[in-house]
Structure formats: structure tokens, C-alpha cells
Amino acid sequence: MSYRSSVEILTEWDIVAARQLGRNEAKEVGFGTVDQARITTAISELARNIYLYAGKGKIEIERISEGGKYGITIIASDEGPGIPDVRKVMEDGFSTSGGLGAGMPGVKRLMDTFKIDTVVGEGTVIKATKWIR
Amino acid sequence: MNIQVVIKEEENLVKAFISGEIDAFTAPMLREKLATVQQKENLQTELEMSDVSYMDSTGLGVIVAFYKHVNANNGHVKLTGLSTRLKRLFDITGLGEIMDIETDDKGGNK
Amino acid sequence: MPQEIEKQYKEILKQYLMKQTERNLYEGQNFSRQLIKKNIAPDEVISIHKATLEEMFPELPMNVWNSFDLLIEMMIRYGLAHAEHQSLLQQQEEMKVEMDLAAKVQRTLLKTTRPKINGLEIGLVSVPARKMNGDYIYFLSDNLNNAGVAVADVIGKGIPAALCMSMIKYGMDSLQDVATDPKKVLDVINRIVEKSVNDDMFISMFYGRYNVENSLFTYATAGHEPALFYNAQNDEFTELHAKGLLLGVVANVSYEQHAVTMEAGDFVVMMTDGVTECRTDEGFIDPKIVITLIHSMRHEPAQTIVDSVFKELEKMQNFELRDDFTLVIFKKTS
């Protein structure tokens, strides 16, 4: 049984709304302040990428549990141009050079698991999960 | 480590005024600038180099690549204003034999 | 473990708030070293600080607690930047190891045997500016009457130059006959190079061959620095010029070939532009210095000459080579 809520990303202010939703969910699931801030940063980054590169998309937050563990999965999806070279975006130093901030490697570091599905011309779906320690 | 490239197009002639040092750091910039014009058919070009204070083999590579490109498209490359030092580089490498080169004293500028 | 860190931090903070001595600060700094080693991010450190304060001074106003949350939020990016930096450092380390291995492979691949010919001394020094050498020396000899040497310089330095080099090696390997004329050698290599390189890539090469029977040094050059010939009887240097285009520019080039007769005490100096274009922060070292240096050593064995010239020029450049440095001397002793 899972509980899912979502925010559409169309304008820059939707990034803030997605952050807010993520922080609230993280708090309710029981994450500490630092982890709340980390999850929010990851959401921020994913939402920003949608806003900048896909134009529109959505951020969904899912509460999850497994074997007595609780956590959160962020699902960022868009129907944008897709990422032609995933390995390159996952490289350290790539995002920094473009001045984009934390970028994908940052999101991966902030979360416990990170999965990316992308088709050029069709869009991208990124799923990232963090468990309460 | 500075280079300046100003390109002026006059009817049939493309003139590039190059000044500064052409080495491993600045050569990519020169290559980029020249690449913007080298695709044209029958291109007549002149590279004005009297303010080039230094050029190493990387720079020579860029000039040779440009020369090959322009020649392949039935164009012509002329180098002008070469200092004694640069002229020596073109002479030693044998490029002086196949390229159209005018030295500083013949060019009359400076 | 987090509890352990919190406990230690609490102790350090308590001591500092009580005494505020330099020693307390020193301990704090040592503690941060430990935190970095354990990969504790800066946002976490602030969170520990906040938790400790909450325990020690629960009565502080709400504004103070809230301000920490803003600080934590901001520090997350610093933490990420730090983690990225660490990972880049590790990648750099891996690349260094790879480069060392590649340089070793290159050294093995490009190994060449110095000819042993009666009455001829050969001196050789070749030092890369970086790990991989863009200069190349190849000896071809029957170890009886003929000693040939190719001195090549690939444009640029480092890995691209090194990769290009194997091409020359295999080209030269295909020519196992030392009787092949220098101009023919250059022609063969030029055809190979022209077919295989980018437009902006080229190689300069000098090929010279000494024959014992007639004491002739025969040479040809493909856009390479001219070699220097030292005539002992007249005590003078002349440049050995020959017309010839760089390798890899045009497919069909006819190379000129010339020869000089060597007498005892005469020698030929072959080099790359790392020798003639020595650069320091103040500018170029006058190429005449190279000639003066060699002249002052003219009575020494060939290897001593090249070694001391290298040492001297290395010193003048403050032990910082900007280009690969290669110097070869063929000296007729009898």
C-alpha cells in the first residue's frame, strides 16, 4: 500500500511547490532535519531540470515501506527531449561546468538509490529513493 | 597567452587579422574562428600575421588544416606579414614551398 | 557512531564555552579533521552543533533554532561540492596510474637498439616534457658498415602524440634494409602518415645514415629542424639543410637527399625543437647557446656531450621542460 502525491512543473514557482511537498512528506514519514533538507535538495534539482530542459513534467512523491523500514521515492517524469548520453550527465564535473548546481551526480549522492530511464525524443523518468536510517 | 582574430569579408576575399601568441592554449580558438569561413567554395583568403609574436607547432597545425580545407574546396590561402622567426618555421617545415607566403618586408606594413 | 561523534563534539564545545582558550580551538580543528576523514558532510556538522546546543541550552529563542535550518539547507551544496571534489580527485589518481602504465607500454614499444659501428660514437638523450614522449628515435643498422637514425617529432605532446608514434615505428619496422636511401625512407613513412592522420596533425622527421666504408653521412629531412655538422679541421658548425615537406600534409612529396664526408673528430647533431626552442618565463633561450655549449664539449665522447647539454638547458629552464627534448650525436672517432 503506498501513498502518492504530485506537483506539475510548469513554471519556476512550481519548483518551490515540489520542494514544499517533498519536505512535508519527508517530515511526516519521520526523516530528521538534515535528511529532509537533502530530499528537498534532490527534488529541487530534478524539478529544475524539468523546468529548464523539458519545459514541463511532474514530480511525484511516494511514501514507501519494506520490512519495517520507511522511506520516500521521488519520481520525476517529463516528455522532453530525453538525455542522449546518460553516462556523461552522470559524470562528476559535467554539471558544474554548465553552472547547473548539484546536477544528477548530486541527486544520486543525496539519495540511497537512483534510477534513470530516458529515450531521446520521448522523455525521461528518474526514480530516487531514500530510507530512514 | 593571448590571441586576437578579426575576420573581415570583402566581396571575394576573406581577410583574417591574427595577433598575439599561437600555442597549444590559443590554437583551438584560432581553429574555431577559421572554421567559420573555411567551408565556402573557391574561397580567397589572406591571413595577416604581422602581429603574431609567437607560433608553435600546434599553431602550425591549425594553419595547415585550414590550408588543406580551403585547397580542397578550390580556394587559395595567402599568408602575409610573417616575421623572420615565423618565416623560418615555414621554411624549415617545407610549407613555404607549397603555400603562398609574403614576408613582413615585402608586405610593406610596419 | 553518530552518537559517539555528538558526544565528543559536546565535550569540545563545552570546554570551549567554558575557557575559550587557543588549545580548545586547536582541539576543535583536530576534531574536524576526523570528521572529514569519516566523510561527515558540513550540513551534518551543523546539525550536530544544533542538536548539542538544544541539549545544553534548551531555552534559546525559536529564531536561533530556525536560523540553523537555513544554514543546514545552504550547507548541503557545500557538502555535495566537497563529495564531487573527492570523487574527482580519485578519478585523477586513477588516470595517473593509467598514464604511468601507458608510458611504460610506450617505452617498451618504442625501444630501439643503439648501433655498434667501429669508429662511430652515438650519444642520445630523449626526455619527455610530460609522461608520454612526442619525440621519437629509431635506429636502423647492420652493426657492421651502416648506422641509420630517424629523429621524429610529432606535433603536440602527451597522449595524442604518443599514439601517433607507433605508426612511425611500424613504418620503420617494415623497412628493415639499412641500405634504403634516406629520401626513400621519408617517402615510405610519409605515405603511411598521410593516410592515417587528421588534417591538423603532422610529424617532422630527419633521417640520416652513416657509412663506414666511404665515411659518408647521407641525410634527408621532412620539415625537421636542420641537423648541425661540426667540422673539426675548420672548427666550425654548418646546418645540414635539405628540402622536404612535413610528413602527413601531402601524399606525394619528393625529398631531397644530401651527404657530407666525415673526418675523425667531426660529428652530426640531430635534435627536435625542444632543444632549439627552449623557453623560459623571460622568453627564448638563444639557439646560439646550444652551439656554444656543444662546442665547448667537442672533445668529449658523444654521450657526454648530449648529457651535459641537456643538464645545462634543463637548468636554464628552471628544470621545467615545456617541450619534449631529444638530442642525438653521431661522432666519428677514427
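Predicted model: local features only at pLDDT ≥ 70, side-chain atom pairs only at ≥ 80, totals over all residues.
## A contact to start from

Two residues are in contact here if their C-beta atoms, placed from the backbone, lie within 7 Å. Leaving out residues up to four places away in sequence, Leu327(C) touches Val125(C), Met271(C), Val275(C), Val306(C), Val309(C) and Phe310(C).

## How confident is the predictor?

For the complex, the predictor gives an ipTM of 0.82 and a pTM of 0.74. In chain C, the average pLDDT is 90, and 98% of the residues score at least 70.

## Who touches whom

Two pairs of chains touch, and the pair with the most contacts is chains B and C. Chains A and B share no contact, and their closest C-alpha atoms are 19 Å apart.

What does each chain bring to the contact between chains C and B? There, 15 residues of chain C meet 15 residues of chain B. Sorted by class, the side of chain C that touches chain B holds seven nonpolar, four polar and four charged residues.

The contact between chains C and A takes 13 residues from each of the two chains. On the side of chain C, the elements that give two or more residues are helix H3 (42–56) and helix H4 (62–109). H4(C) supplies the largest share of that side, ten residues. By class, the side of chain C that touches chain A has six charged, five nonpolar and two polar residues.

## Chain A

Chain A has five helices and five strands. Read from the N terminus, its elements run β-α-α-β-β-α-α-α-β-β. The radius of gyration of chain A is 14 Å, close to the 14 Å that the globule rule gives for 133 residues, so chain A is as compact as a globular protein of that length.

Along the principal axes, the C-alpha atoms of chain A fill a box of roughly 40 × 30 × 25 Å. Of its 133 residues, 39% count as buried. Among contacts in chain A with a separation of 6 or more, 61% join residues 24 or more positions apart.

## Chain B

The secondary structure of chain B also consists of five helices and five strands. The order from the N terminus is β-β-α-β-α-β-α-α-β-α. How does the radius of gyration of chain B fit a compact globule? A compact globule of 110 residues would have a radius of gyration near 13 Å, and chain B agrees with its 13 Å.

The C-alpha trace of chain B spans about 30 × 30 × 25 Å along its principal axes. Of the 110 residues of chain B, 39% count as buried. Residues 24 or more positions apart make up 67% of the contacts in chain B that have a separation of 6 or more.

## A closer look at Ser53(B)

Ser53(B) sits in strand S3 of chain B, which covers residues 44–55. Why does Ser53(B) count as partly exposed? A residue needs 20 or more other C-beta atoms within 10 Å to be buried, and 12 or fewer make it exposed. Ser53(B) has 13 C-beta neighbours inside 10 Å, so Ser53(B) counts as partly exposed.

Beyond its neighbours within four places in sequence, Ser53(B) is in contact with Gly20(B) and Glu21(B). For another distance to check on screen, Ala16(B) is 37 residues from Ser53(B) along the chain, and the C-alpha atoms of these two residues are separated by 16 Å.

How values were computed: Residues numbered from 1 in each chain as written. Chains lettered and ligands numbered in written order. Helix = DSSP H or I, 4+ residues; strand = E, 2+ residues; numbered from the N terminus. Nonpolar A, V, L, I, M, F, W, Y, C, P; charged D, E, K, R; others polar. pLDDT = per-residue confidence, 0-100. Rg over C-alpha atoms; globule rule 2.2 N^0.38 Å.
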